[in-house]
Each structure stands twice: as structure tokens, then as C-alpha cells.
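Q: I have a model open and want to learn how to read it. Where do we begin?

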Amino acid sequence: MTSNAVVRSVGQTPLLIAVYATLSITLSGQWIAAKLGVTAVPPLELSTMRFAIASVVLLAACAITRTPLPLHRWRLVVPAAALGVVGFNTLAFVGLTLTPASDSALIIPTMIPMATALFATLIHERLTPRKVFGFAIATAGAALVILGGQQAGTEPSADRLRGDLLEVGAAVGWAASLVVGAIVLRRETVLGYVTLMVVVGAAMLLPLGALQQAYRDVPSWSIETWLAAGFLGVFSTAVAYVLFLWAVHRFGAGLAAMVTYLTPVGTLILAFLILSERPLLLQLVGGVVILAGVRLATLRLARTAATNLAA
């Protein structure tokens, strides 16, 4: 079977399609839910509640399935939680208070594959000239997205720039966490690892969430805010993290991160329909440039992983 035929065969696998479609919905929806949430309550408080809800759901899932937690791997789980839970969500949610959800949708999902592939060199994935060239193109695209946002006259450009840079940092944190997760998942179950990482991350976030209002406002949260927190906790964390790390375990960190290609379009549509946000033309061009660069950088990786899966 040729490599192209293998790729087509893998892409048509019903389970893979279902996983990636679910991830696309949960990852797209998280930016809308987060934007709605951070406009009503402190971002770190919302982030803490997100992972508190997810912790309950995941611990229940482990109890029902009798899945053990990999407590003996805490030396890797702790940095993964610090990067993928505390780092990612703190930067992303604070960034959302400064920049539109459409910016987050263009920056984070398209920067994650590039950052993941770079970090993956630490676990012996080669950084080929093709990858370097692709990443250079993607970086130029990210610059277009950020610079394009400065053309908007409805918000202070300095705030939007800071927000966009925070979203870049969030993507880097999540990518680093994915690579750590790929190491742990060589010997541990996906559900057990994700549950422990989320619980540890929630514990780390707890004191940060208390910095602004010490959770005194939580009883007065509106139904809409609780719905946003619930969606983030159940679907964008408990469900999405398990499926995402399953893809990491199955296909490798670099290829799994490519599912984020599906996120920008869905988020931009939802942001337009729900939040009335209109991305600028230069930002859309930048998003296309990022996708082209990341696709170029990860093309050989995708073919290799598909061939290994078929073998």
C-alpha cells in the first residue's frame, strides 16, 4: 500500500473521524465559553472552576472503570500540569480579557503543532530542514495575525497586542505539556494520566484563583457563567483532554497536535454568530499562512505515523 493510500485509509477510519470531530467541537467551543466567562468573572477563578469540575468528572470515570492513577510518575505529571493546566489556562484566559476570541482561535490552535514539533525534538524527533522552513512560514503567519489585530479601532491596540502575545505563550505551554504527556503515556493509561494531571493542575490553580476575589463572588455567578464553566470543565477538559491525549498515545505528539487545524474555522464561525466578532482580512491571511507552514513542516511526520499505524 502506498503512503498516500495509507493516509487516506487512516483518515477514513470511523473512530478517528469521530474523535477528531468531537475534538473540533469541544476545542472550538472552549474559546466562546471562555470569552463569555471571563467577561463576567475573574479569569483565574473561571479557570480554577473549570478544572475543579473536570477533576470530579474524571475521578468518577476512573472509579467506574477502575483505572489507577499513575502516582509513581508524579515527577513528570507535575511539570505537565504546570505547563498544560496552569500555564496554558492562565495565559489563555487572561489573554482573552485583552483580545477577541477570534484572535485566540487563529493563534493558539495554529501555533500548537509548530511548538509541539519543536519540543518533540527533545524526545528524539528530528528537526529537518523542511520543518525549519515550515516553522519560519508559520511564524510569519503568526506575526500577520498579531499585526492585523492592531488595525482594529474598537479596542486599545496595546491591550490586544499583549493579549495576542499571551495566547502565543499559552500555545507554547500546551505544546510542552503534550510532549511530557507523550513520555508518560508510553507506559500509562490515558485516562489515569489525564485525571492525575488535571487534579494536580486544579490544586495548583486554587491559590491563583483566590487572588482577585477569593471566590466570594462564586455564589452570585449567573446561570450563563455556570453553563460556560460547565462546558469548559466537562467537554473542553474532561472529554477533550482524554481524546487529545489518546491521539498523542496513538499517533505521537506531533501528529496529534494537527487536530488543532480543525479548530480555527469552527471558532471563527461561533465567534461571529455568538460574539459578533469579525476577524480582519489580514488576520485570516495570517491564519492561512500559519496553516501552510505547519502543514509543510509536519507533512513527512503525518506520512510516517500513518505508515506505522498501518504496519
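A: Begin with the surface of this predicted model. The chain exposes about 13500 Å², and carbon and sulfur atoms supply 70% of that area.

Q: What share of the residues of the chain count as buried?
A: Of its 311 residues, 52% count as buried.

Q: How many helices and strands are in the chain?
A: The chain has twelve helices and zero strands. Read from the N terminus, its elements run α-α-α-α-α-α-α-α-α-α-α-α.

Q: What do contacts say about separation in sequence?
A: Take the contacts between residues at least 6 apart in sequence: 88% of them join residues at least 24 apart.

Q: Is A81 buried or exposed?
A: A residue counts as buried under 20% relative accessible area. A81, found in helix 4, has 0% relative accessibility, so A81 counts as buried.

Q: Which residues does A81 touch, beyond four places away in sequence?
A: A81 touches V86, M197, V200, G201 and M204. As for distance, the C-alpha atoms of A81 and V198 are 6.7 Å apart in space, while the two residues are 117 apart in sequence.

Q: Is L71 buried or exposed?
A: Exposed means over 50% relative accessible area. L71 has 53%, so L71 is exposed. L71 sits in the loop between helix 3 (43–65) and helix 4 (74–96).

Q: Which residues form a nonpolar patch on the surface with L71?
A: L59 and L69 form the patch with L71. Together the three have about 250 Å² of accessible area.

Conventions:
Residues numbered from 1 in each chain as written. Predicted model: local features only at pLDDT ≥ 70, side-chain atom pairs only at ≥ 80, totals over all residues. Heavy atoms only, no water. Patch = residues over 30% accessible without salt bridge, like charges linked within 9 Å, V, L, I, M, F, W, Y side chains within 5 Å. Areas by Shrake-Rupley, 256 points an atom, 1.4 Å probe, with all protein chains shown as cover. Salt bridge = Lys/Arg side-chain N within 4 Å of Asp/Glu carboxyl O. Helix = DSSP H or I, 4+ residues; strand = E, 2+ residues; numbered from the N terminus. Buried < 20%, exposed > 50% of the residue type's maximum accessible area, 1.4 Å probe, protein only. Contact = heavy atoms within 4.5 Å.
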